[in-house]
Amino acid sequence: MARRCVVLGCQKSNGLHNFPVDLEVRQQWFSAIGIESSDLRPGDGICNEHFTRDCFTNFIEVEMGFLKRLRLKSHAVPTLALRRLINFIILELC
Ligand SMILES: [Zn+2]
């Protein structure tokens, strides 16, 4: 099954990060993107676009081209580009 970003309206299939194992952080991810753990399908993740640069341990290295894959800090929570989800919900309600 193709992996994809679970943030509504995103659907990116590259630069994905798995949901954290730490239950507290995991729950923060679910709250941030407005889904329940039961909505999650195997292979689902969240892409780079939803994290600020300080969420990554190696942003500078990747930006400079030394590394290809961004690595998240263990307590990073997605905060960016979630507006699309909110817009979608508002549209649904109207
Ligand atoms: Zn995404």
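**Figure 1. Antiparallel pairing of strands β2 and β3 in the predicted model.** In this predicted model, strand β2, formed by residues 16-18, pairs with β3 in the antiparallel sense, and three bridges connect the two strands. Within this pairing, leucine 16 stands opposite cysteine 47 of β3. The partner strand β3 comprises residues 44-47.

**Figure 2. Parallel pairing of strands β1 and β3.** Strand β1 covers residues 4-5 and pairs with β3 in the parallel sense, over two bridges. Cysteine 5 is placed opposite glycine 45, a residue of β3.

**Figure 3. The complete sheet and its place in the chain.** The three strands are arranged as an open sheet in the order β1-β3-β2, with mixed pairing. Strands β1 and β2 are the edge strands, each of them pairing on one side only. In the chain as a whole there are three helices and three strands. Read from the N terminus, these elements follow the order β-β-α-β-α-α. Of the 94 residues in the chain, 16% are buried. Where contacts in the chain link residues at least 6 apart in sequence, 65% of them join residues at least 24 apart.

Figure 4. Cysteine 47 belongs to strand β3. Cysteine 47 is classed as buried because 22 C-beta neighbours lie inside 10 Å, where 20 or more are required for that class. When neighbours within four places in sequence are set aside, the residues in contact with cysteine 47 are Cys5, Cys10, Lys12, Gly15 and Leu16. One of these, Leu16, is also the residue that stands opposite cysteine 47 in the strand pairing. For glycine 15, the C-alpha to C-alpha distance to cysteine 47 is 5.1 Å, although the two residues are 32 residues apart in sequence.

**Figure 5. Glutamine 11 in the loop between β1 and β2.** Glutamine 11 is located in the loop that lies between β1 and β2. The backbone at glutamine 11 has a positive phi of about 65°, although the residue is not a glycine. Glutamine 11 is exposed because 11 other C-beta atoms lie within 10 Å, and a residue with 12 or fewer falls in that class.

**Figure 6. Glutamate 24 in helix α1 and histidine 75.** Helix α1 consists of residues 23-33 and includes glutamate 24. Glutamate 24 counts as exposed, since it has 8 C-beta neighbours inside 10 Å. Histidine 75 is 51 residues from glutamate 24 in sequence, and the C-alpha atoms of the two residues are 9.1 Å apart.

**Figure 7. Isoleucine 60 in helix α2 and leucine 70.** Isoleucine 60 forms part of helix α2, which contains residues 59-63. Isoleucine 60 is assigned to the exposed class because it has 11 C-beta neighbours inside 10 Å. Leucine 70 is 10 residues from isoleucine 60 along the chain, with a separation of 9.5 Å between their C-alpha atoms.

**Figure 8. Lysine 73 in the loop between α2 and α3.** Lysine 73 is part of the loop between α2 and α3, the latter being formed by residues 83-93. Lysine 73 is partly exposed because its count of C-beta neighbours inside 10 Å is 13, whereas the exposed class requires 12 or fewer and the buried class 20 or more. Apart from neighbours within four places in sequence, lysine 73 is in contact with Cys55, Phe56 and Thr57.

Conventions:
Residues are numbered from 1 along each chain as its sequence is written. This is a predicted model: local features need pLDDT of at least 70, side-chain atom pairs count only at pLDDT 80 or more; totals for chains, interfaces and linings use all residues. Two strands pair if DSSP finds at least two bridges between them. Helices (H or I, at least four residues) and strands (E, at least two) are DSSP runs, numbered from the N terminus. Two residues are in contact if their C-beta atoms, placed from the backbone, lie within 7 Å.
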